[in-house]
Structures are given as C-alpha cells and as structure tokens.
Amino acid sequence: MARAQFSAETSGGGAFVRQPNRFTDRVTPDSDSPPGGGPDAQGRWPLEPGRYRLIWCRACPWAHRARIVRNLLGLQDAISLGTVDPIRDERGWRFSLDPDGFDPVLGIGFLSEAYLATDPDYTGRVTVPALVDTRTGRVVTNDYPRLTLDFSTEWRSLHAPGAPDLYPAELRPEMDALMAEIHRDVNNGVYRCGFATSQAAYEEAFTALFARLDALSQRLADRRYLMGEAITEADVRLFTTLVRFDVAYHGHFKCNRHKLTEMPVLWAYARDLFQTPGFGETVDFDHIKRHYYGTHAAINPTGIVPLGPDTSGWATPHGRG
Ligand SMILES: N[C@@H](CCC(=O)N[C@@H](CS)C(=O)NCC(=O)O)C(=O)O
C-alpha cells in the first residue's frame, strides 16, 4: 500500500481517519470563573472581549470557517486574529508572516508552543484553527465544529448590531443533519480522497463526494442558500470546501469527476457567497495552492505548485437571488 501522509490517521484498509480534537474547552457567559480567571471546573472560560486570539491559516478550510463566521457576526474587535504561514516546516505551523517571526500578541514563533504550554505531552498534529487565551498562552479549543457554533450562540452579546443568526434554533435539527452529511462526504470527503492509500478507499470517498455534490446541487437549484433565503453556518461550511475545489482538490486530491466550474448550480452558489461581504475578501488562492501542493510530500513529492487554474471567474455575475 502507498505511503500515508498521516500514518497515525490511516486505517488498515488505507482510509484516512481524522484525529479527534484534543482541546475542547469553551468560552461561555455561563462560566463561573471571574473575569480574568481561567477555566472553571467544567472547562468553561469567561466571555471577555479582546482576551482570546483566533489562530488561523488562510489555506485551511476548517480555520477559514472561523474567520468567515467572525466576520459575519462582527466579532473582529472581540476576538483578535493571528495568521500562520501556509507552509509548515518540520516544526509545524509558524508565525513567519509576522515581523521577526513571532506572533505579536502571544510572543511565540510556532503554534506548537501554545499546544505544549497547554499539554506538555501532546503528540498529535498541531492544528488550526485554535483559540488561544492571551493571558495564559493556553489553547482553549481546537474543536473547530464547536468553535463556530459557539461564536453564534455563546458570544451573542458581543455580536455587531444586526448580525445574522447563522444557527437559528428552529433550524438546528435539519441543519445539524445536513452539516454532518456535508462534513463526512464533502469537507472531510476531499481529504479522504486525497489521503487514501488504497484504490478502494479512494474510490469509496470519491463516489460519496460526488453523490453528495449532486444532491446539494439539486437542493440549491430552487433555493438561494442551503437552508432557504438566509445564509447560515451550513453555507459557510460548504463554501470553504468549494472555494478550494478547483485550485487544490481537483488536482492534488484527485477529486476530478468535475471541476466546480463544471457544476453549474454549485458554481453559481459559490460565486454568490464569494461576492458576499465577509467571504471573498478572506480567500487567498495563492496561500491555498502553496499550502496543499507544498506541504503534503507523500502526495506531491516535488512540491511544485501549479500555475493554474484561472480564478478570474469568481468575480463574474452569479445570477442568483
Ligand atoms: N483539528 C482538526 C482539523 C483541523 C486541521 O486538520 N487543520 C489542518 C490544516 S487544514 C492542520 O492544522 N494540519 C496540521 C498538520 O497536518 O500537521 C484535526 O485535528 O484534524
């Protein structure tokens, strides 16, 4: 069987099985810790504007979600932002985009320093997004699916006036089921295609991915957004995979039945979101390409980053809404 990109996360059958999220504390107004305090007995940190820092990589779809949700909710002043380099060296995510190579608030050069300050025995992959406490330097959470839902619910008192409700209570049962399908077959499905080390595991992931994209195309044929007439977290989650599809997943992860630009409903839907404030300005195709093609040596040993595709189509009229 082929060499795995992440052997600790590859099954005997050659399928990619993603590691669990290690840090699952939460920031919540229910915390019984005082302002400035640490987590309470239930791992709840006090809600405080300006205290926590979101560490993201422009290339990473899981981190990109958090960046978009923070924008849409107007949490920019409440949660500061640190950006790691799209290229990791053997020591992992680096703050080499910052002057002198250190995050100016946390004072660290590598994200692993925050992980190890939180758990000195941590041996898993050091991942983005991570929400880091600027007082203690500890990682509060790298639990990316919970993080953005908490931005919508637990951080509500700090939202900008008129912020959208991205996780409406009455839609949650349907949304949760839909987001689980999108996660399994699309968000993580592209990784299951790309990181498969057996033909069978790849084909299974590929088939599920395009079947799900076909179903989503049908769903979006007669409604503007996944849950109807308003943007929700489900759209953010689908968008971050679609926007990477042609520049990374189609080639690098062999998700190549069709390009996004060859799936008319999804292509128009993705452009509609891209052109919505809060989305397009957070997309960096150069970082996305350099990260994927430049850091997965088991898949692309030369590290050569393709020059294409032409991304100018993202700015063209979408004809929806
Ligand atoms: N926290 C999740 C998802 C986040 C994630 O995988 N982020 C990627 C970037 S897209 C990452 O940080 N990878 C670091 C690595 O592979 O060492 C996980 O552990 O699988």
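**Close-up views of a predicted model**

**View 1. Residues 168-295 of the predicted model are 68% helix and 0% strand.** In an unreviewed entry, UniProt lists residues 168-295 under "domain: GST C-terminal". The model shown in this and the following views is predicted.

**View 2. Four strands form an open sheet in the order β4-β3-β5-β6.** The pairing within this sheet is mixed. Strands β4 and β6 (139-141) are at the edges, each pairing on one side only. From one strand to the next, the twist averages 35°.

**View 3. Strands β3 and β4 run parallel and are joined by four bridges.** Strand β3 comprises residues 52-56, and strand β4 comprises residues 80-83. Within this pair, Leu54 stands opposite Leu81 of β4.

**View 4. A right-handed β-α-β unit is made by β3, helix α1 and β4.** Helix α1 spans residues 61-73. The two strands of the unit, residues 52-56 and residues 80-83, are parallel, and in the sheet order β4 stands beside β3.

**View 5. Strands β3 and β5 pair in the antiparallel sense.** Four bridges connect β3 with strand β5, which covers residues 130-133. Arg53 has Val132 in β5 as its bridge partner.

Note on methods: Residues are numbered from 1 along each chain as its sequence is written. This is a predicted model: local features need pLDDT of at least 70, side-chain atom pairs count only at pLDDT 80 or more; totals for chains, interfaces and linings use all residues. Two strands pair if DSSP finds at least two bridges between them. A crossover is right-handed if, with the strands pointing away from the viewer, the path from the first strand over the helix to the second runs clockwise. Axes are lines fitted to C-alpha atoms, for helices over the stretch in contact, and angles run from 0 to 180 degrees between N-to-C directions. UniProt positions are given in the numbering used here, feature names are shortened, and annotations may be inferred rather than shown by experiment.
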